[in-house]
Amino acid sequence: MRKVLSFSGFLILGLVISQFLPMLAGNSYGTVKQVANVLLYVCLSFIMINVGREFVLDKSHWKSYAQDYFIAMATAALPWFMIAIYYVFVLLPPEYWNSWEAWKENLLLSRFAAPTSAGILFTMLAAIGLKSSWIYKKIQVLAIFDDLDTIILMIPLQIMMIGLRWQLIIVVVIVFWLLAIGWRQLNKYDWRQDWKAILFYSILIFLATQLLYLGSKQLYGEEGSIHIEVLLPAFVLGMIMKHREHDTSVERKVSSGVSFFFMFLVGMSMPHFIGVNFAETHTSTYSVTGSQEMMSWGMILFHVVIVSFLSNMGKLCPMFFYRGRKLSERLALSIGMFTRGEVGAGIIFIALGYNLGGPALVISVLTLVLNLILTGIFVLWVKKLALRSYSN
């Protein structure tokens, strides 16, 4: 519980600092933001490599995994669609309801609610003694497929944002090439996997994606640049490593420290929104969401509660499958998927790169914070349902 509260605390701290950073940094604000972004991408790569390392599958049972993938995909899609619809029809004026610009922006921004936090969830379920249970083993597969689906779907969402250009066709080819490598070489390479090695791999992945971006930008300009997010390359790198357990005190502290720092950096990357007229600040880089006037804090908190409710109702999808298991087990499985964390925060950070902002962004960030605070309650609820299932 303390770890989950710390996630929320660091995110909130970064969010508060982001509102005063322009004043505190002064003329160095641009440099500070660039350094923070580099560190953020390295931390995100570190986290996704570790998520990929947990991706241990028996290829001979691929049919059962196919079913799990579609269930995970539905579990990610329901909250995503529900929140996108809510953002468009509730947060935006009626003149935007038929606007393609409004829909594509909100489809990207609302994607933060899709991924379950695999790292937080696995750690907490193992800590309460459920590691050998059917619930833990099934939720491990669903949560990772959930994250994988989110990563893959970011490609068409980015195509919607910037249009279908030949550079994006190259991106699609790279994505499927990476996925093919990940599947064929799954858990094959017995490389070093201590925190120092993972951090080194993370830096290499960031440098590779940046070199591709800067090289294509130099040749074809900003509009023709090729940009690959670190999410998928890092995940695939983790997939192809032969899984090793490094469950030492130092490894746990470093892993937690990187996640805490990442959440802080995500909060710090948020745009300045207190007392800002978004209609004026987005005149040169217009976006529908970014141009909306800020709401009162009372209204924002009201929407945070509603969005949290919708996102968690959508995550109940697994309860309607696996009919051979008890209802309490299926409900526990679904509630376990409520947890949010680093990948969702990474989606919010990517959305910032497209100038998405306004009240929808603030609501998304605070919804993430609320769900992090509630994660301890969700996990205890899972434990209670699991004990009821296995004691009968």
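Start by selecting helix α6, which supplies four residues, the largest share, to the lining of the largest cavity; helices here are DSSP runs of H or I with at least four residues, numbered from the N terminus. The model is predicted, so local features need pLDDT of at least 70 and side-chain atom pairs count only at pLDDT 80 or more, while totals for chains, interfaces and linings use all residues. Residues are numbered from 1 along each chain as its sequence is written, and side-chain values use heavy atoms, with hydrogens and water left out.

Stay with the largest cavity, where about 110 Å³ of space lies; a cavity is a set of points on a 1 Å grid over the protein atoms alone where a 1.4 Å probe fits but cannot get out, and lining residues have an atom within 4 Å of a point. Show Ile151, Ile155, Gln158, Glu229 and Leu232, the closest to the centre among the 13 residues of the lining. Then colour α6 (134–162), α7 (166–184) and α9 (231–240), the elements that give two or more residues to this lining. By class, the lining of the largest cavity divides into 10 nonpolar, two polar and one charged.

Next, select Tyr87, Leu91, Leu92, Asn106, Thr289, Gln292, Pro359 and Ala360, which line the second largest cavity, a space of about 40 Å³. Both α3 and α15 (358–391) supply at least two residues of this lining, whose classes are five nonpolar, three polar and no charged residues.

Select Trp80 and Phe81, a stacked pair at 4.6 Å centre to centre with 20° between the planes. Trp80 is buried, at 7% relative accessible area, whereas Phe81 is partly exposed at 42% (buried means under 20%, exposed over 50%, partly exposed in between, with a 1.4 Å probe and protein chains only).

From there, select Phe89 and Trp103, an edge-to-face pair at 5.6 Å centre to centre with 70° between the planes. Phe89 lies in helix α3 (residues 62–91) and Trp103 in helix α4 (residues 100–109), so this pair ties together parts that are 14 residues apart in sequence.

Finish at Tyr189, Trp191, Phe200 and Tyr201, which ring pairs link into a cluster.

Note on methods. Rings of Phe, Tyr and Trp (its six-membered ring) pair if their centres lie within 6.5 Å; planes under 30 degrees apart count as stacked, over 60 as edge-to-face and the rest as tilted. On a 1 Å grid over the protein atoms alone, a cavity is a set of points where a 1.4 Å probe fits but cannot get out, and a pocket is an open set with protein on both sides within 12 Å along at least five of seven lines; lining residues have an atom within 4 Å of a point. Grid points are joined across faces, edges and corners, and a volume is the space filled by probe spheres set on the points. Ala, Val, Leu, Ile, Met, Phe, Trp, Tyr, Cys and Pro count as nonpolar, Asp, Glu, Lys and Arg as charged, and the others, Gly among them, as polar.
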